[in-house]
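User: I'd like to learn how to read a model like this one, feature by feature. Can you take me through it?

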Amino acid sequence: MTLDHKWSPGVQNYVKHANEYLARRNEYIQKVVKKWKFDTIAVHGLYSVQDAIEDYQGAIIEPVFMCTSQAYRDSDEMEAALAYLIPTWCYSRIANPSTYYFEWTLALLEGYGFDGFTSCCSTSSGMAAIMTAIQPFLIHGLTHHPQNIVATAQCYGGTFQHFNIRLHQERGIECRWVLDPTNIEEWASKIDKHTCLLYGELPSNPGLGFFDIKLVADLAHSHGVPLIVDSTVATPALLRPICHGADVVVQSATKSLTAGGFGTCGAVISRGDIVTQMGTDQMRKDFALYIKYLPNRDYGPNLHPMQAIMTLNDMRTIRSKMDLLSRNTMCVANFLKEHSKIEQVNYLGLPDHPLFSLASKYMWLVDSEFDDMYKRPINRYGHLLSFCVKGGVEKTRKTFDKLQRIWRATDLGRIKSVATIPAISTHQQQGDAGRKLANIPQNLIRLCVGAEHPEDIISDLDQALS
Ligand SMILES: *Cc1c(COP(=O)(O)O)cnc(C)c1O
């Protein structure tokens, strides 16, 4: 922080020490952490042996700071902290040491392979992440002309409702849906000078929509607006949109980032110097930190420290987990593809999927070239697939009801296989027209394959189908 007006010598002294600390931290990130492989970052993040011994009684795991606020040595430190002149935990709605370690790990994982700066702001859920990522761009402009956003129609049901009802119907901020996001002309045709941002989900849940991130990011930037990507289904182990030009990534860490399924958690990750004509220099320079310290302080969608540490602990093995789950899913997809009672299987890893080659351009198992087992770049497509059962809704529900090992739940990303019928669950409330936009037929089953042996999942599907 730089001091722009006269602060007392006591305050200035705290700022001087804080700046020295930040310089040391930055050097540690640049010279040590940024040189690590993905797995090492996932395991350690910024929590070092030195941190543990100096500050945390040597605790080998990042401690859970179940605490609302921080005490200060004196009034100078309090003043410096509350003016955000020094790093502070001041109050848990704003910052907390446990969420700090989670945020840094995820910022570094999403920024892996990107040589710029990334930062992260954690939130209480994926929806809270989406809300806080888009709000700062919907500032009432000088013209008072209604604003709009342009977004992929194939997206999570909650996102659809958020954009369609909360933004459009309730606040007059139009969401212009892109029906075929692989068509760059369609994106371009929906943008005008009142467009605030482009938003895309990929691979989309449950439709597995995909688009060319780089093309869409370039288009966004040529109009001076940011591209925000929901990359929940891929996780940074398989895809890092910031490396391809996205400005902001949102994650529902509730899903594939964690396996345990203890609770909801979200995150907004941004690159330095995002593209937008809205807001302040501070907002453009470090967007995630900006929303953490300012808008989110005022909205209050913060993450609980207990959940932060549980999510962090789960994330440490994300690379090998996404590899295993992707391989299991490929086995299940191949089985379903050959089954006589299946009308259609959608999985990005099947070569006859229309988006296979586009997905193959972007979805790689991170660091597989350094992996003993592979020694070369390997495509992996995640653990979400969907299929349509022949015979319509009735046969679909019958098959679904007969599942024994696979759980019937509106969940995804679990270590356990979970299936749902989106038309009656995650995508129920958006109605027929909304489902048609998002391309979700009534007889679609979404299956998220877990870490069981794939033969056991296949035999469960086989008995249910027969
Ligand atoms: C579940 C989900 C969300 C919302 O996340 P929550 O943590 O449930 O609030 C957003 N995007 C995608 C792709 C999701 O699957």
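User: Let's start with T420. Which strand is T420 in?

Analyst: Keep in mind that this is a predicted model. T420 sits in strand β11, which covers residues 418-420.

User: Is T420 buried or exposed?

Analyst: The cut-off for buried is under 20% relative accessible area. T420 has 3% relative accessibility, so it counts as buried.

User: And which residues is T420 in contact with, leaving aside its neighbours within four places in sequence?

Analyst: The partners are F400, A409, T410, S425, L444, I445 and R446. With S425 there is also a polar contact between the two side chains, at 2.7 Å. For a look along the chain, take L447: it is 27 residues from T420, yet the two C-alpha atoms are 6.7 Å apart.

User: What does the side chain of Q251 have a polar atom close to, at 3.3 Å?

Analyst: That is the backbone oxygen of S231. Beyond four places in sequence, Q251 has contacts that include E110, G126, A129, S231, T232 and T235. P236, L257, C265, G266, A267 and I269 are also among them.

User: You mentioned T235. What is its phi?

Analyst: First the general idea: most residues other than glycine have a negative phi, and most peptide bonds are trans. T235 has a positive phi, about 65 degrees, although it is not a glycine. It lies in the loop between β5 (227-230) and β6. At 0% relative accessibility, T235 counts as buried.

User: Which other residue has a positive phi although it is not a glycine?

Analyst: L208 is one, with phi at about 60 degrees. L208 lies in the loop between β4 and α9, and with a relative accessible area of 2% it is buried.

User: You said most peptide bonds are trans. Where is a cis peptide bond with omega near -20 degrees?

Analyst: Look at the bond from L202 to P203. P203 is in the loop between β4 (195-201) and α9 (213-222).

User: And which residues does the cis bond with omega of about 5 degrees join?

Analyst: Those are N205 and P206. P206 lies in the loop between β4 and α9. Hold on to N205, as it comes back with the ligand: a polar side-chain atom of N205 lies 2.9 Å from a ligand oxygen atom.

User: Then let's go to the ligand. How much of the ligand's surface does the protein bury?

Analyst: Taken alone, the ligand exposes 380 Å², and the protein buries 93% of that.

User: Which of the residues around the ligand come nearest?

Analyst: There are 13 residues around the ligand, and G126, D230, S252, T254 and K255 come nearest. For two of these, look at the polar atoms. A side-chain N or O atom of D230 is 2.6 Å from a nitrogen atom of the ligand. On K255, a polar side-chain atom lies 2.8 Å from an oxygen atom of the ligand.

User: How do the residues of the shell divide into nonpolar, polar and charged?

Analyst: Four are nonpolar, six polar and three charged.

User: Now let's zoom out. How many helices and strands does the protein chain have?

Analyst: The chain comes to 18 helices and twelve strands. Its radius of gyration is 23 Å, close to the 23 Å that the globule rule gives for 466 residues, so the chain is as compact as a globular protein of that length. Along the principal axes, the C-alpha trace spans about 80 × 55 × 40 Å.

User: What share of the residues in the chain is buried?

Analyst: Buried residues make up 56% of the 466. The accessible surface of the chain is about 20,300 Å², and 53% of it belongs to carbon and sulfur atoms.

User: And what share of the contacts with a separation of 6 or more comes from residues 24 or more positions apart?

Analyst: In this chain that share is 70%.

Key:
Residues are numbered from 1 along each chain as its sequence is written. Side-chain values use heavy atoms; hydrogens and water are left out. A residue is near a molecule or strand if one of its heavy atoms lies within 4 Å of it. A polar contact is a pair of N or O atoms within 3.5 Å; within protein, one must be able to donate a hydrogen and the other to accept it, and residues adjacent in sequence count only if both atoms are side-chain atoms. Accessible areas come from the Shrake-Rupley method with a 1.4 Å probe; for residues, only the protein chains shown count as cover. Ala, Val, Leu, Ile, Met, Phe, Trp, Tyr, Cys and Pro count as nonpolar, Asp, Glu, Lys and Arg as charged, and the others, Gly among them, as polar. Helices (H or I, at least four residues) and strands (E, at least two) are DSSP runs, numbered from the N terminus. The radius of gyration is taken over C-alpha atoms; the globule rule is 2.2 Å times the number of residues to the power 0.38. Buried means under 20% relative accessible area, exposed over 50%, partly exposed in between (1.4 Å probe, protein chains only). Contact means heavy atoms within 4.5 Å.
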